Amino acid sequence: MLTLDNLRLEQGSFRLAADLSVATGARVAVIGPSGAGKSTLLAAITGFLAPASGRILWAGQDITRTEPGARPLSILFQDQNLFPHLSVTQNIGLGLDPRLRLSPADHARIEAALERTGLAGLGPRKPAELSGGQQSRVALARTLLRARPLLLLDEPFSALGPALKAEMLALTAELAAEQGTTLLMVTHDPEDAAALCPQTLLVAEGLAHPPQDTAALLANPPPSLRAYLGA
Ligand SMILES: Nc1ncnc2c1ncn2[C@@H]1O[C@H](COP(=O)(O)OP(=O)(O)OP(=O)(O)O)[C@@H](O)[C@H]1O
């Protein structure tokens with residue numbers, strides 16, 4: 001379980017409060033108006049923004065002061081962060097060892113991840129020799145291999161066309177389910193939230209609300225969300 005215990009976040013004059021839990025293995029969309037604080041919330045969970053007060057706990061352990069790289073999570077953002085001078089295999093291998101000292105067993109795991117994400121045979125290529133969708137798959141394969149229990153997504157596939165985006169989100173959800181990964185996904189698209197995430201965490205008016213049923217929320221959105229959805 002991820003717990004945000006009486007968390008208070010500040011960015012300049014912006015303030016956001018969160019007091020909520022996300023169950024292990026849950027898939028939760030994070031939605032709310034532009035500038036409401038969705039990225040701020042993710043930055044606190046990933047450890048790139050120190051909270052003004054309160055605690056962040058994973059499985060009962062206080063990780064509020066744990067450095068970003070040591071937190072039990074992976075992040076997938078829009079910028080896929082692939083290194084152009086490294087091959088696909090090496091880019092994925094970074095998820096196993098940042099110094100790329102990869103054993104034969106590591107290579108076997110990379111091959112399996114390539115296979116699982118539909119990239120079999122593309123390991124020797126450089127990112128520039130791949131399509132946008134294939135590049136997204138490489139980032140997903142790297143995340144898959146890290147096998148951290150919490151996966152944070154911030155509009156990771158929004159540069160892709162709608163069909164490809166839906167396909168990548170479905171694959172992400174499938175892989176998360178296989179590994180029992182808890183998934184928190186920032187999205188501007190209520191259809192993505194409805195398709196993938198049984199629960200939704202609404203960020204609006206200075207508050208990150210506890211996760212609630214996605215279908216019920218979208219069927220009867222509060223005023224702060226209604227204007228944003230154009231409903
Ligand atoms: N480094 C910063 N310094 C000061 N204010 C900041 C900083 N970063 C973000 N903000 C402010 O914090 C607020 C929340 O921003 P945030 O990016 O978290 O919103 P968001 O919900 O992710 O928005 P969007 O949907 O547009 O991406 C905004 O008012 C923004 O201007």
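This is a predicted model: local features need pLDDT of at least 70, side-chain atom pairs count only at pLDDT 80 or more; totals for chains, interfaces and linings use all residues.

Me: How is the chain divided?

Reply: Into domain 1, made of 2-72 + 150-229, and domain 2, covering 84-147. Their C-alpha centres lie 26 Å apart.

Me: And how many residues are in contact between the two domains?

Reply: 10 residues of domain 1 are in contact with eight of domain 2. On the domain 1 side, helix α5 (residues 162-179) supplies the largest share, six residues. That side has eight nonpolar residues, two polar and no charged.

Me: Switching topic, what surrounds the ligand?

Reply: Gln 11, Gly 12 and Phe 14, then Gly 32, and then Ser 34, Gly 35, Ala 36, Gly 37, Lys 38, Ser 39 and Thr 40. Helix α1 (residues 38-46) gives the most to that shell, with three residues.

Me: How does the shell divide into nonpolar, polar and charged?

Reply: Eight are polar, two nonpolar and one charged.

Me: Back to α5. At what angle does it pack with α4?

Reply: About 10°, with the axes of α5 and α4 (residues 132-146) 11 Å apart. Angles under 35 degrees count as roughly parallel, so that's what α4 and α5 are. The crossing is right-handed.

Me: Which residues make that contact?

Reply: From α4, Gly 133, Ser 136, Leu 140 and Leu 144; from α5, Leu 164, Met 168, Leu 171, Thr 172 and Leu 175. Six of the contact residues are nonpolar, three polar and no charged ones turn up.

Technical notes: Residues are numbered from 1 along each chain as its sequence is written. Domain bounds come from an automatic or database domain assignment. Two residues are in contact if their C-beta atoms, placed from the backbone, lie within 7 Å. Helices (H or I, at least four residues) and strands (E, at least two) are DSSP runs, numbered from the N terminus. Ala, Val, Leu, Ile, Met, Phe, Trp, Tyr, Cys and Pro count as nonpolar, Asp, Glu, Lys and Arg as charged, and the others, Gly among them, as polar. A residue is near a molecule or strand if its C-beta atom, placed from the backbone, lies within 6 Å of it. Axes are lines fitted to C-alpha atoms, for helices over the stretch in contact, and angles run from 0 to 180 degrees between N-to-C directions. Angles under 35 degrees count as roughly parallel, over 145 as roughly antiparallel, 65 to 115 as roughly perpendicular and the rest as oblique. A crossing is left-handed if the near helix is turned anticlockwise from the far one by less than a right angle, and right-handed if clockwise.
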